[in-house]
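Please look at the sequence and the model before reading on.

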Amino acid sequence: MTISRNPQEISISDFNYPLPDELIAKHPLAERDRCKLLVRDCDGAVSDHVFNELPSLLSSDSMLVYNNTRVINARLHFRKASGASIEIFCLEPWLPADYEQCFASRHECTWKCLVGNSKRWKEGELTHIVTMPDGREIVLSATRDGFMGNASLVKFSWDESAGLTFSEIISALGEIPIPPYLNRDSEASDASDYQTVYSHIEGSVAAPTAGLHFTPELLASIDEAGIPRREVTLHVGAGTFQPVKAEQIGDHEMHSEFITVTRELIDELRTTDRQIVAVGTTSVRTLESLYHIGCMIHDGQWEGELPQWYAYSPTHPALSLREALDAVARFLDESGEDILMARTKIIIAPGYTYRIVRGMITNFHQPQSTLLLLVSAFIGDGWRAIYDHALSSGYRFLSYGDACLFLGK
């Protein structure tokens, strides 16, 4: 396989592989940390392990960084008076745009949504009687309030006197949106299976699945090994399941996702000598975005969102990591904030130079996916031999499947 030096000219067909349906895990193991773990060390050697061996497989100078996002019950089902079923899939808040404020709303809020059976709901109000855990009933109304591409703006409203937040209402009404490639309906078990044990910031419509293998006991073992654990937030959007339909990835439009990173972690990343091991591709994208955000701030170009191809721009300033993170720190100082809130559309593909991440824990990804490109950018063409080994060794693939630990130099 020959990779173009220009990442935009990469052919996505070069990242295909045969994935039998029987190797796609439909449910997780009963004991999360007993899944298989394929390890590719810094010298390229591959070995097979069990995930709960992780503390002994990490060097003592490692630091783990997790994505603490929590999956919301984003699938809401309404029924018209005619009997037509309408599914509303909440993608991200629109008004208020702040996730925390939107979830805390007690009367109305507007979301960017995908609407199923859309042709049957051209206008008018939909209602659903929601039964809360305490037995109270509340009427949730939905009206269309505009369009954005293939998405709709949907305004939700309910009786303010009920004293209920939007978070409480969708928790009672909605369903966890499991990945479409599982080819099954959501089940009651998914409400807990499809959440990491450390999730606590609501906002995702898909789980950061590399984190699904952790248990409280394993986290305690990591702490006992003296390996620091830190958190970032990236709210995973539905675009994470979007296939690359263009032959060249330069024609693929990446989705925008909301990230937050604390000033405390930025300061630590500026000075630490530890090897940063990202838990999941979402943590990878968040951490690597930090460097490029700092470069944009340094050049006076920052407007709140990291563009898809900025990392490969010929005019990209050649800052050191410290210089870039210093720029982020100054930006926060000047704005009086202690949390960086931003959006990122970064695409990480072969030709990319990693700036912060020196190791990653991840699952096995779909053929011809941007996540597979991200992995290849880290370990090179060796991804194919690793995936061949996993396929022939009975590893379980995708969201509920087994895991990898890739270590760089």
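A cavity is found on a 1 Å grid over the protein atoms alone, as a set of points where a 1.4 Å probe fits but cannot get out, and its lining residues have an atom within 4 Å of a point. Grid points are joined across faces, edges and corners, and a volume is the space filled by probe spheres set on the points. The model is predicted, so local features need pLDDT of at least 70 and side-chain atom pairs count only at pLDDT 80 or more, while totals for chains, interfaces and linings use all residues. Residues are numbered from 1 along each chain as its sequence is written, and side-chain values use heavy atoms, with hydrogens and water left out.

**Cavities**

Searching the whole structure gives two cavities of 30 Å³ or more. For the classes in the table, Ala, Val, Leu, Ile, Met, Phe, Trp, Tyr, Cys and Pro count as nonpolar, Asp, Glu, Lys and Arg as charged, and the others, Gly among them, as polar.

| Cavity | Volume | Lining by class |
|---|---|---|
| Largest | about 420 Å³ | 16 nonpolar, 13 polar and two charged residues |

The largest cavity has 31 lining residues, and Thr209, Thr240, Thr281, His365 and Leu371 are the ones nearest its centre. At least two lining residues of the largest cavity come from each of α7 (281-298), β17 (357-363) and α9 (370-379). These names refer to DSSP runs numbered from the N terminus: helices (H or I, at least four residues) and strands (E, at least two). Around the second largest cavity lie Gly239, Thr240, Gln242, His252, Met254, His255 and Thr370.

**Helix α7**

The expected span of a helix is 1.5 Å times one less than its number of residues. For the 18 residues of α7 this gives 26 Å, which agrees with the 26 Å between its end C-alpha atoms. Helix α7 has a kink of about 25° centred on Leu290, where the bend at a residue is the angle between axes fitted to the seven residues ending there and the seven starting there. Accessibility is judged with a 1.4 Å probe on protein chains only: buried means under 20% relative accessible area, exposed over 50%, and partly exposed in between. In α7, 17 of the 18 residues are buried, so the helix is largely enclosed by the rest of the structure. Just after α7, Gly300 has a positive phi of about 70°.

**Salt bridges**

A salt bridge is a side-chain nitrogen of Lys or Arg within 4 Å of a carboxyl oxygen of Asp or Glu. The structure contains 16 salt bridges. In one of them, the closest N and O atoms of Arg230 and Glu268 are 2.8 Å apart. This pair links distant parts of the chain, with Arg230 in strand β12 (residues 229-235) and Glu268 in helix α6 (residues 263-271), 38 residues apart. Arg230 is partly exposed at 29% relative accessible area, and Glu268 is also partly exposed, at 22%.

Which residue does Asp267 meet in a salt bridge? Its partner is Arg263, at 2.9 Å from N to O. An α-helix has 3.6 residues a turn, so residues three or four places apart point the same way. Asp267 is partly exposed at 27%, whereas Arg263 is buried at 18%.

Arg263 also forms a salt bridge with Asp333, with closest N and O atoms 2.4 Å apart. Asp333 lies in helix α8 (residues 321-335) and Arg263 in helix α6, so this pair ties together parts that are 70 residues apart in sequence. Through shared partners, salt bridges join Arg263, Asp267, Arg270, Arg322, Asp326 and Asp333 into one network.

Terms used. 1 Å grid on protein atoms, 1.4 Å probe; cavity = no way out; pocket = protein on both sides within 12 Å on 5 of 7 lines; lining within 4 Å.
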